[in-house]
Amino acid sequence: EVIYLKDYQVPSFLIDQTELRFELESERTIVNAKLTMRRNPDCQQKPQGLELHGDKALQLYRITLNEQLLNESDYQRLDEGLQIFTVPDAFVLETQVEIHPDQNTALEGLYRSEGFYCTQCEAEGFRRITFYLDRPDVMSVFSTTIEADKSAYPVMLSNGNPVATGDADNGRHWITWEDPHPKPAYLFALVAGDLKMIEDQYTTSGGRDVALRIYAADKDLDKLDYAMQSLINAMRWDEQVYGREYDLDIYMIVAVDFFNMGAMENKGLNVFNTSCVLASPETTTDAGFQRVEGVVAHEYFHNWSGNRVTCRDWFQLSLKEGFTVFRDAEFSADMNSRTVKRVENVALLRTAQFAEDAGPMAHPILPASFIEISNFYTMTIYEKGAEVVRMIHTLLGAEAFRKGSDLYFSRHDGQAVTTEDFVKAMEDASGRDLTHFRNWYNQAGTPVLAVSDEFDAASQTYRLTISQSCPATPGQDTKAPFHIPVAIGLLDSQGEDLLLSDGEAQITTQVTTQVTTQILELHETRQTFEFSGIAERPVPSLLRGFSAPVKLNYPYTRENLTFLMSHDSDGFNRWEAAQKLGVDILQSLIKDYRNDKKLILDKQLAEAFKVVLADESLDKAMVAKVLTLPSEAYLSELAEEIDVDAIHHVRNFVRHQLAVQLETQLLSTYQACTCDDTYSPDAASIARRALRNVCLGYLLATEKQEHLELALAQFHEANNMTDSQAALNIVVHSGYQKAAEVILEQFYLRWSHEPLVVNQWLSVQASNPQAGTLSQVKALMQHDAFNMRNPNKVRSLIAGFSALNPVNFHALDASGYMFLADQVITLNNLNPQIASRLVTPLTRWKRYNTERQEMMKAQLQRIMDSGELSRDVFEVVSKSLA
Ligand code: ARG
Ligand code: ZN
């Protein structure tokens, strides 16, 4: 059944107060709910009865209405809910149900993770706990009592503040929590178990003392300090940059092993995937540390952008997610290197989100319809949503944007609102007209800009002409032009930025300021921008900082690109020039390879890399990024038809050539970056390790034994996970099979007691491009280290193979496709959310040649025909076959 945004109606009833009582027993949990309800004065209809959401699996014991026991003629069970035939205008409804957290493998609602009870209610998990109006525009004050065995569940948590506690019979105890802030059910949380915690304290700028507690299993207690420091930094940052303060006396985070996504912003009680909160130098890579910092901040920022101001309905998901991703990205940029963070975000967007925009599930950041909302926690809603907020920031400027966010938060505090309300607040506070900009919310697809230029020496005029187009997406054949901020600079032949007049500054301040980066505002299908007083033909630096989520084509020569690589004042575009040069060279070699021509690498790339390697003034993190060739995923995204084998072969060929040509420089950079300081996840140290490991990767591409020894030494001597895992990965993926087997075994023996490290071990093997990986993966599914019910294991091993190992996944005997379909069919019953995410690589069949297309479609069809499908899997598979 398809749900449409246009069908939105306000709720007929409201729930002023929700009183819950959970009795956690060994085989079952009893949930008592007391709802104080009344008709919604804003609702035109006055239905006689009441319909509540509620999962089929809820076992209903009793219902009372204003303390009168209802009998079976007063109500009926619906497919996914409960209908009470007649209710007064205001009433108290009490229900009692039994649920089975132990059997909950979908990990939605109340479930068990390694002995801990925990909940995941977003988006529609609360209806698996009790009958309710499970929609975000119904906000209620919650009080929650939990009762359980005292020795097995000494810690029992819910939202808000603890207000009462006591002992009960049979060695049991209870606690009551009250959350004073009205909230939708999706922000409800409950946790119970033998959890340990670390505690700190934070005083808000307004003087509120907040207890900060992070809970985890005893064995992980030593891995919580980084999350705590990140939380404190995020709280300070949100006060300084957005003027947002925390609003309860306690803030809790709980780490659990079984979790479908990264983390959840439940009011005052975040539940986190261990992978996004635990960190220690021995077990966590630099990327892991940065993920912890970013996700802790993301969930904290949701307290305002999500909880205090929430979504009216789930079509508005990007209202909170896009804005919050933008906020956490800016936080990470401020804490670390801004340019590096931007490069990483853009690389992710251009591979994963652009591919989604070009696939069968393409949707605007404000979708018009869905079958299953869980399928819309996407790169588009999150990452493109963040880019859209970033463009508003760019168009308005930091100051007006802050006024807009202040207005948004004050105008809508305590409300459930729409993306339109957000844009309106930005308009009202800034005086800017964003009418045309709104197309970004309703149109899917990645716009393509074609840029051309001309220089007229006589009149000293330079003209840039920009055309835009956007490919058709499902249900949207033609698109109106977008309002696109294109940040540009012009470089003279010395590599200096030319001074440009800033059009915006002229309008708002009546003074012409001279700037070197100008925001061109593209509205039309085709527009020409003129620059006067330009003495010589400049080299344009286009889309600085990736000012819009678009593809941009301009006929750069390879000379232009090497020039920009070393001179552009915009750090992002220096990297982008290197990527463009790499793409250009790789694409022409891919063409040669497909035409059976001999491959010869153009000198330009090695020369450009040599310059970069020699320049000690550069940020090592950026050097590492520049030296990294465009990924197979990015080359695939850019290809007209994806030739997996050609891309893989040619990229390896170029890596080998570069390694041979630059061996001396790579080795000396490797050595210069070697240092045995105690580990620290600061930007400079991360940069040093990143560059060192990029060099190591190239060195092994020379296929010289001495470099293998170097990698093995690094593996054995590293005092941190970043270096040891990088060495492991490089050795395994370089095809030194004997050495690989030995160190994989050693690594496992050393880390078998650390699930998150074991996950890395699984994914290093699953993503191995060497032959024979699929049978390895199948064998690993029988290993103790694997568990089909744990999403982190599934992601590491199965998605590690299907999403990170294109050559093996796309094997021409269809073995990879069949394997994936088998796993999707199994998971469809166990965990529909994970199953539907796993299908993604198969859904992209249109991008490959007909032979692969047919094989991929056959497996999608096999899933379709495999029996009763969850809504999640059905939506993705049926849309891909449509
Ligand atoms: N709101 C959470 C976040 O972005 C993610 C929600 C998880 N949703 C789900 N359907 N499992 O931080
Ligand atoms: Zn979020």
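Start by selecting helix α17: 15 of its 19 residues are buried, buried meaning that 20 or more other C-beta atoms, placed from the backbone, lie within 10 Å of the residue's own. Helices (H or I, at least four residues) and strands (E, at least two) are DSSP runs numbered from the N terminus. This is a predicted model, in which local features need pLDDT of at least 70, side-chain atom pairs count only at pLDDT 80 or more, and totals for chains, interfaces and linings use all residues. Residues are numbered from 1 along each chain as its sequence is written, while chains are lettered from A and ligands numbered from 1 in the order in which they are written.

Stay on α17, residues 683–701. From first C-alpha to last it reaches 27 Å, close to the 27 Å expected at 1.5 Å a residue; the expected span is 1.5 Å times one less than the number of residues.

Now colour by pLDDT, the predictor's confidence in each residue from 0 to 100. The chain averages 97, and 99% of the residues score at least 70. Select residues 504–510, where pLDDT stays under 50. Where pLDDT is low, the predicted coordinates should not be read in detail.

Zoom out to the whole chain. It holds 29 helices and 33 strands. The radius of gyration, taken over C-alpha atoms, is 28 Å, close to the 29 Å that the globule rule (2.2 Å times the number of residues to the power 0.38) gives for 882 residues, so the chain is as compact as a globular protein of that length. Along the principal axes, the C-alpha atoms fill a box of roughly 90 × 70 × 55 Å.

Note on methods. Two residues are in contact if their C-beta atoms, placed from the backbone, lie within 7 Å. A residue is buried if 20 or more other C-beta atoms lie within 10 Å of its own, exposed if 12 or fewer, and partly exposed in between; C-beta atoms are placed from the backbone.
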